[in-house]
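Biologist: I would like to learn how to read a model like this one, feature by feature. Could we go through it together?

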Amino acid sequence: MLAACSSPANVAGNYTVDLTDEANGCNLSNFTQGQSTSGVSVSITQKDSDVTVAVTGVAGAYLMTVLGSSTFDGSVSGDGFDAKLIGTTAGHSSNCTFTFDADLHGDLAKDSISGTIDYTPQTNGSPDCSTIMGCTSTQNFSGTRPPQ
């Protein structure tokens, strides 16, 4: 007997999201554990199991400045979705050159999403990068869209 294949959930929509800074293992500036930001506009588009998560408004402009993009690309599986933003804005510290990537992991429950965003560095491997190599800074998010 063959198992039934389930279609990915419909996560598409315009969400209003709240973010909460959690562990700041990378010592990112403007990132304070427990600090919350509310009213972040997020637009999710979906085609089959492919998903694009676009952060707009002030938060989107901030991501553009810090990471070089405000758009995550990924996929939906069941009620979960995973998307990645590959950072292009380079930072420097002595001989260390780095960018930050953001990995988004979320779940849909009716018209609400929740999950985490993990920020991790990509370095040039210089010994001067030792303070950020292998670190992670994390945000939790939750938000809603109009009923579907």
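This is a predicted model: local features need pLDDT of at least 70, side-chain atom pairs count only at pLDDT 80 or more; totals for chains, interfaces and linings use all residues.

Biologist: Let us begin with the fold. How many helices and strands are there in the protein chain?

Modeller: The protein chain has one helix and nine strands. Read from the N terminus, their order is β-β-β-α-β-β-β-β-β-β. Along the principal axes, the C-alpha atoms fill a box of roughly 55 × 40 × 25 Å.

Biologist: What share of the residues of the protein chain count as buried?

Modeller: Of its 148 residues, 39% count as buried.

Biologist: Now the pocket. How does one look for empty space?

Modeller: The general idea is to roll a probe the size of a water molecule over the atoms, which shows where empty space is left. In this model, the largest pocket holds about 900 Å³ of space.

Biologist: Which residues lie nearest the centre of the largest pocket?

Modeller: Those are Tyr62, Leu63, Val66, Tyr119 and Gln139, out of 41 residues in the lining. Elements that give two or more residues to this lining include strand E1 (13-24), strand E2 (36-47), helix H1 (57-67) and strand E8 (112-123). H1 provides the largest share, with seven residues.

Biologist: How do the lining residues of the largest pocket divide into nonpolar, polar and charged?

Modeller: There are 27 nonpolar residues, 13 polar ones and one charged residue in that lining.

Biologist: On to charged pairs. How many salt bridges does the count come to?

Modeller: The count comes to two salt bridges. One of them joins lysine 84 and aspartate 103, whose closest N and O atoms are 3.1 Å apart. Lysine 84 sits in strand E5 (residues 80-85) and aspartate 103 in strand E7, so this pair ties together parts that are 19 residues apart in sequence.

Biologist: Is aspartate 103 buried or exposed?

Modeller: Aspartate 103 counts as buried because its relative accessibility is 17%, which falls under the 20% cut-off. Leaving aside residues up to four places away in sequence, aspartate 103 touches Ala83, Lys84, Thr116, Ile117, Asp118 and Thr120.

Biologist: Which side chains meet in the salt bridge of 2.9 Å, N to O?

Modeller: Here the side chains are those of arginine 145 and aspartate 111. Arginine 145 lies in the segment after E9 and aspartate 111 in the loop between E7 and E8, so the pair ties together parts that are 34 residues apart in sequence. Arginine 145 is buried, with a relative accessible area of 8%.

Biologist: Last, the backbone. What should I expect of phi?

Modeller: Most residues other than glycine have a negative phi. Against that background, serine 94 has a positive phi of about 55 degrees. Serine 94 is found in the loop between strand E6 (91-93) and E7, and counts as exposed at 67% relative accessibility.

Biologist: What is phi of lysine 110 near?

Modeller: Phi of lysine 110 is near 60 degrees, again a positive value in a residue other than glycine. Lysine 110 is placed in the loop between E7 and E8, and its relative accessibility of 76% makes it count as exposed.

Definitions and conventions. Residues are numbered from 1 along each chain as its sequence is written. Side-chain values use heavy atoms; hydrogens and water are left out. Buried means under 20% relative accessible area, exposed over 50%, partly exposed in between (1.4 Å probe, protein chains only). Contact means heavy atoms within 4.5 Å. On a 1 Å grid over the protein atoms alone, a cavity is a set of points where a 1.4 Å probe fits but cannot get out, and a pocket is an open set with protein on both sides within 12 Å along at least five of seven lines; lining residues have an atom within 4 Å of a point. Grid points are joined across faces, edges and corners, and a volume is the space filled by probe spheres set on the points. Helices (H or I, at least four residues) and strands (E, at least two) are DSSP runs, numbered from the N terminus. Ala, Val, Leu, Ile, Met, Phe, Trp, Tyr, Cys and Pro count as nonpolar, Asp, Glu, Lys and Arg as charged, and the others, Gly among them, as polar. A salt bridge is a side-chain nitrogen of Lys or Arg within 4 Å of a carboxyl oxygen of Asp or Glu.
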